[in-house]
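Student: I would like to go through the labels on this model one by one. Can we set each value against its cut-off?

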Amino acid sequence: MRIAVVGTGYVGLVSGACFAELGHDVVCVDTDRDKVAKIQSGVPPIHERDLPQLVRRHIGRRLRATLDLTEAVTSSDMSLIAVGTPLRDGKIDLSFVRAVAEQIGTALKEIRHYHVVVVKSTVVPGTTEKTVLPILEAASGKKAGYDFGVGMNPEFLTEGEAVSDFLRPDRIVLGGIDDRSIDAMAEAYRQFDSVPVVRTNPRSAEMIKYASNTLLATMISLSNELANLSAEVGEIDVPTVMEGVHLSRYLTSEDGQTAQLASFLYPGCGYGGSCLPKDTKALVSQGMELGVPMRVLEAVDHVNRAQPERMLDLLRRQFPELVGLRVGVLGLAFRPGTDDMRESPAIPIIHKLVSEGVEVRAYDPIATESASAVFTGLNIKLCEDMAEAVQDVDAVLLITRWDEFAQLPALIARQPVPPLLVDGRRMIAPVSVPNYSGIGL
Ligand code: NAD
């Protein structure tokens, strides 16, 4: 199948490279010249495990990148819209999706063969049929369902594990305006014949994506709220509480396998990234517009926004005055395995530390470049390695669960005056360092 992917960010590039791996002919379109040039030279512009190998293997063969949307769409059987859907003024900003729909619609005028336009971006329920489809019809002068197909195929990849998530999907959700559109999308995923497929309409597909993300966000905020209360009650350690919770037969099968979902029931310093915070807020805003207040999700977002501050509360327990302290911050990306800093809890934590007069030394195994863009003008030191960030500091704040940070107790043991460790991910055993504090303890 010939596939055009419009928007070559995390979702677009991973999808494009993986579709090429599945044997399709893929052209990736972006307005960013540098991204297109990098991809054409075989180098992904983002950090994602296994992606460099895929791009190198297929570029110039089954994968190419271009700035020319019209040429890409007219030479394809299916176009995927994979541009960003950020939040603007608290609600979803569909301007990139609209702009691309307009351009694809114009290109559709020239197409003689059947073509299906698929929304892969995360869009609030109703968008594909009420926004994208009318734009495509108006720009093309053609009729959806007769002259071309329209579908919605949400993406469930997790940054850091995106390639393996795409190539080993747990489900494929195909929302189409008719059977022909769904069949065309199904053709792109033909190789995954043992993976469950949900065939539905576009707005149910859109809602499946939001329901999935907001469920995870809710579990994280619930765990964090329980952790905060446990810490105040005292003599409760929330990981032990969660161990007890997970033994429920709803979360652990008879052969002792814990449900994957359970990993979201764990305390921390808050969720970040380009999806959970924005998708939760976008659904709250859609509910407000439609007169359906989303009380649970409002609370989920509220708890999450307050959670990074808990790290400073824990720091203040030992150092009531933060001014003049030297603090090492470990982990800047919103999760391990990625250099994506979007909505990372590290951002409010570092800003707060600096505003309180703390000298910050920060380290992340791979997000240094994106961090230097995020913290431009802020007086912090971005360190080359973990040892430098924790040397001679008063405290260490652990923000991201990178495997490398498991070495922290050994580094701390070498210091004459061991710093306080504030563990924002509960990844270090409290007994392994002399001075430990953690969320939910
Ligand atoms: P991104 O910001 O990384 O990439 C978007 C790309 O679109 C950019 O490269 C941008 O230059 C390009 N673009 C913008 N306007 C364009 C135009 N008119 N023509 C061509 N290209 C254009 O975004 P992302 O993280 O890949 O997310 C894309 C969508 O997928 C969002 O709706 C997001 O919510 C959703 N999603 C993201 C993830 C994730 O983990 N990042 C996972 C699932 C779903």
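**Labels and their cut-offs**

Tutor: Let's start with Arg190. Arg190 has a relative accessible area of 52%, so Arg190 is exposed. Keep in mind that this is a predicted model.

Student: What makes 52% enough for Arg190 to be called exposed?

Tutor: Exposed means over 50%. Arg190 has 52%, so the label holds.

Student: What makes Arg310 and Asp313 a salt bridge?

Tutor: Their closest N and O atoms are 3.9 Å apart.

Student: Are Arg310 and Asp313 buried or partly exposed?

Tutor: Buried means under 20%. Arg310 has 18% relative accessibility, so Arg310 counts as buried. Asp313 has 31%, so Asp313 is partly exposed.

Student: Which residues are linked with Arg310 and Asp313 in a network of salt bridges?

Tutor: Glu232, Glu309, Arg316, Arg317, Lys352 and Glu356 are linked with them. One of the pairs is Arg316 and Glu309, at 3.6 Å, N to O. Arg316 has 23% relative accessibility and counts as partly exposed. Glu309, at 30%, also counts as partly exposed.

Student: How many salt bridges does the rule find across the interface of domain 1 and domain 2?

Tutor: The rule finds 3 across that interface. Domain 1 covers 2–200 and domain 2 covers 213–438 in the domain assignment. The contact takes 15 residues from domain 1 and 18 residues from domain 2.

Student: What area do domain 1 and domain 2 bury between them?

Tutor: About 1300 Å², 50% of it on carbon and sulfur atoms. In domain 1, His47, Leu87 and Glu159 lose the most area to domain 2. Together they make up 40% of what that side buries.

Student: Why is Glu102 called partly exposed?

Tutor: Glu102 has 45% relative accessibility. Exposed needs over 50% and buried needs under 20%, so Glu102 is partly exposed. Glu102 is in helix α5 (residues 95–108). Leaving aside neighbours within four places in sequence, Glu102 is in contact with Ile135 and Ala139.

Methods: Residues numbered from 1 in each chain as written. Predicted model: local features only at pLDDT ≥ 70, side-chain atom pairs only at ≥ 80, totals over all residues. Heavy atoms only, no water. Helix = DSSP H or I, 4+ residues; strand = E, 2+ residues; numbered from the N terminus. Buried < 20%, exposed > 50% of the residue type's maximum accessible area, 1.4 Å probe, protein only. Contact = heavy atoms within 4.5 Å. Domains from an automatic or database assignment. Buried area = accessible area lost by both parts, 1.4 Å probe. Salt bridge = Lys/Arg side-chain N within 4 Å of Asp/Glu carboxyl O.
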